[in-house]
Amino acid sequence: MSLTVPIPTPSAVRSHRRLPVVIALAALVVLVVVIWAVFGSAIAPGSPFTQRLSIGDKPPSAEFWAGTDLLGRDVFSRVIYGAETALVGPIIVAAGAFAIATLLGLLSGYLGGLVDAAVMRWVDFMFALPGPLVAIVVVGVVGGGYWTAVAVLVVLFTAPDTRIVRSAVLAQRPLPYIDAARALGISKARILFVHILPNILPIVLAYVVLDFAFALVNLAGLSFLGLGVEPGTPDWGRMLFENRNILFVNPLGLLFPAGMIIVTAVSMNLIGDWLFEKLTR
Amino acid sequence: MTRTGMVHFILRRLAVAVPLLLIISFGVFTLVKLAPGDPVRALIGSRPANAETIAAIREEFHLNDPFLVQYGKWLGQVLAGDLGRSITGNRAVIAMIRDRLGLTLYLSLMGAVIVLVGGVTLGMLAAFKAGSRVDRAVVMLGVVGISSPAFVTGIFLLYLFGVVLGWFPTFGPGRSFFDRGWHLVLPALALALSIMAIVTKITRTAAAEALGKDYVTFARARGLSRSRVAFAYVLRNALVPVVTAAGLIVVGLVAGAIYVEVTFALPGIGSLIVGAVQERDLPLIQGTTLLFSVFVVVINLLIDVIYVVIDPRIRFARVES
């Protein structure tokens, strides 16, 4: 396999030395969100569900650090609990879409012919659809909220991901190690999964991270339209839907979850871009 | 490409677009049939549920026919320009769309101007100052832009410029032409940001590549002015990939408008679709979704054709292949 190892260029060697500050910060943000998602109940100062209708929406105070929403619920605790739906769905979407796309891309890129034609026509068709609208209408009409949304996004994400994997496979095909493997009479399946797959995995990994950011934004969007998570669930997108009328009284009820969506998505995009640079050089 | 070659290309693209539209229309029709529950109950709206109304509805929506016949009749009506009646609005779907089309077009066009002017300017700026602070700021802005959906950007813009600074109105679509423009500044900005980030990235990469080309070095060596080099040599070449991305930009704008209209409570097509979905107004969902998808397919078709017409390299490449 030594043939596929690229000779490191001087600039690549330099970038190997230390972690850029921006990437370290991004990783820190992601770590915090992961901790919130896993240990939310231990960290949150209060319950995200307790309603205090007599209080209503209030600006931040010593008791409620980010104020309360229209139903008197603690915004800060709801944002911490909201990390869960902000992580779980996007992870499933990114990993699921790429698992399917890797299989399709490998088959289509390596086998070519009819398989390739069929897969690519399907990809072209998906590209011709207005994705965000399809998600809104399918999730809205079929119902089922969050998990339907996750399933629809897996399908929508699979098409562009397949294109990425396929072109990565096509780049491997003319390399000598493939010829060598074929000359040795190694089976197609083994060439695909033991020889080609490890070589395209770095690219796939970087794109999974980028897909995560995109999925987070899309799922939050559906919840913002009232179509994602169930009413009452602490979720960043849903909070923007429920708190849309309290911008004047307690702006944090909107700005905090909105900020978390951007900060998390930016962090994942930065990490994804950085991984892409590192792993594909 | 010769004239007959051009005609052939357009016919080939049409041969793809027509079945595509048929598949989409079938998808839209089937989807609504998949809605859980009895379609009659969904279609009946607020009317009294007696035997007579139910029979009338089964007749109106051809529910007694086999599924494919239902689709055929529906498609026939759609092709004749009849998108049915909205249940909640109790009006012709086509009339409701007509009422709201103006605002969405206004918003999308404003967004498009911001995307193109802002994106190309920032991308060129970053390419010419490669490696500088300006460049890094533009790249960072690009990452933030791509990560910020229109509804989140919209909330921050509303808060900053509407609530804290009070520079722009926070509510309503405005009355006269200019008043409307004034009301749509923040929505258009929210709509434009994430797409502008993509255009900036494309322009920056393309302009940086053009800057390294021999023809630019030679133009400089001939003593052409900096602005001449920038506009006539670098910008012109940097715009090619932007044109390639035109389909992406248009779809991004129109789809983004759905979220922006909801965020800013604007009465356009986007909020009409979302409202229809939330209210489960099946004919309105069918009509708006179909119109939207047809628009996207037609735009992509037009862009493909325009692209071949304006770029000589593609014209010749296609003839050779």
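This is a predicted model: local features need pLDDT of at least 70, side-chain atom pairs count only at pLDDT 80 or more; totals for chains, interfaces and linings use all residues.
Figure 1. Ala265(B) is partly exposed, because 13 other C-beta atoms lie within 10 Å, a count between the limits of 12 or fewer for exposed and 20 or more for buried. This residue sits in the loop that runs between helix 12 and helix 13 of chain B. Although Ala265(B) is not a glycine, its phi is positive, at about 50°.

**Figure 2. The contact between chain B and chain A.** On the chain B side, 35 residues are in contact with 33 residues of chain A. Helix 1 (3-34), helix 6 (133-147), helix 7 (150-164), helix 12 (246-263), helix 13 (269-279) and helix 14 (282-310) of chain B each contribute at least two residues to the side that touches chain A. That side of chain B comprises 29 nonpolar and six polar residues, with no charged residues.

**Figure 3. The helices of chain A.** Chain A contains ten helices and zero strands, giving the pattern α-α-α-α-α-α-α-α-α-α along the sequence. Its C-alpha trace spans about 80 × 50 × 25 Å along the principal axes. Of the 281 residues of chain A, 45% count as buried. Among contacts in chain A between residues at least 6 apart in sequence, 71% connect residues at least 24 apart.

Methods: Residues are numbered from 1 along each chain as its sequence is written. Chains are lettered from A and ligands numbered from 1 in the order in which they are written. Two residues are in contact if their C-beta atoms, placed from the backbone, lie within 7 Å. Helices (H or I, at least four residues) and strands (E, at least two) are DSSP runs, numbered from the N terminus. Ala, Val, Leu, Ile, Met, Phe, Trp, Tyr, Cys and Pro count as nonpolar, Asp, Glu, Lys and Arg as charged, and the others, Gly among them, as polar.
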